[in-house]
Amino acid sequence: MSDASSADRPADDLRRRKMMDAALTVFLRFGFRKTSMDEVARAANVSRQGLYLHFATKEELFRASVAYFFDAALAAAEAALADAGRSLEERLVAAFDMWIGRFVGALGSDAADLAAATRELAGPAVAEREGQFVEAVEEALRASGLVAAYAPADVTGRQLADTLYASARGLKYGAATREAFVEGMSIAARVMCLPQREAREKRAKQRPSPRPEGDRPRRPRGTT
């Protein structure tokens, strides 16, 4: 089984997904170099031979697991952005939490080599999904009408999405906990969405207040 065929194959096998879930947990705890196939097999509750039937090498397992993880993260982020029951601010924060926030505080002390391993073994796959995520954020900003508010400043929707992404990356390394990440992204989204909030408040002030029940004009007697 080649690395490419394993990484690109849809994760539609329940046992395969179970193995990749287990692998992600072990990789996040021990890093790439210190993780062994034996540890992953134990975590997945499968035999070592059973694991090798699906993944011939640790590199193949890592590449497939990373692609699987980012596919799931992208789907969750896109679902958050499409949630019509939430405000744009809330949808943006939820999407970035699904995409980046879940990493904050999740790495074990031995997992410092994961970033380098990801770039080396799964860089193109991650970059592709990263581009899809930024495009989804940009589309949500456009659909909300927010991009039009920044047109006088000659700022595009892609630039707004990239700015939010830069804030999220900074918080990924600067926030001590996932909760702190969400709090920081809430501030970033609130600032970016300020034109919408101001427009809503302006419309609310201009809207005529309903007359109290007792202040309604009475009809003159004798009229119908």
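Trainee: Leaving aside neighbours within four places in sequence, which residues is L160 in contact with?

Mentor: Contact means heavy atoms within 4.5 Å, and on that basis L160 is in contact with L141, V147, Y150, V155 and M192, once neighbours within four places in sequence are set aside. For one of these, V147, the C-alpha atom is separated from that of L160 by 7.9 Å, the two residues being 13 apart along the chain. This is a predicted model, with residues numbered from 1 along each chain as its sequence is written, in which local features need pLDDT of at least 70, side-chain atom pairs count only at pLDDT 80 or more, and totals for chains, interfaces and linings use all residues. Side-chain values use heavy atoms, with hydrogens and water left out.

Trainee: Is L160 buried or exposed?

Mentor: Buried means under 20% relative accessible area, exposed over 50%, and partly exposed in between, with a 1.4 Å probe and protein chains only. L160, which is found in helix α9 (residues 157-174), has a relative accessible area of 4% and is therefore buried. Q196, in helix α11 (residues 194-206), also counts as buried because its relative accessibility is 18%. Not counting residues up to four places away in sequence, Q196 touches L88, S144, G145 and L146.

Trainee: How many helices and strands does the protein chain have?

Mentor: Helices (H or I, at least four residues) and strands (E, at least two) are DSSP runs, numbered from the N terminus; the protein chain has eleven helices and zero strands. Buried residues make up 38% of its 224 residues.

Trainee: At what angle do α5 and α7 pack, and how far apart are their axes?

Mentor: Two packed helices are described by the angle between their axes and the distance between the axes. Axes are lines fitted to C-alpha atoms, for helices over the stretch in contact, and angles run from 0 to 180 degrees between N-to-C directions. Helix α5 (residues 58-81) and helix α7 (residues 114-144) pack at about 15°, with axes 10 Å apart. Angles under 35 degrees count as roughly parallel, over 145 as roughly antiparallel, 65 to 115 as roughly perpendicular and the rest as oblique, so α5 and α7 are roughly parallel to each other. Residues making the contact include F62, V66 and F70 of α5 and L121, V126 and F133 of α7.
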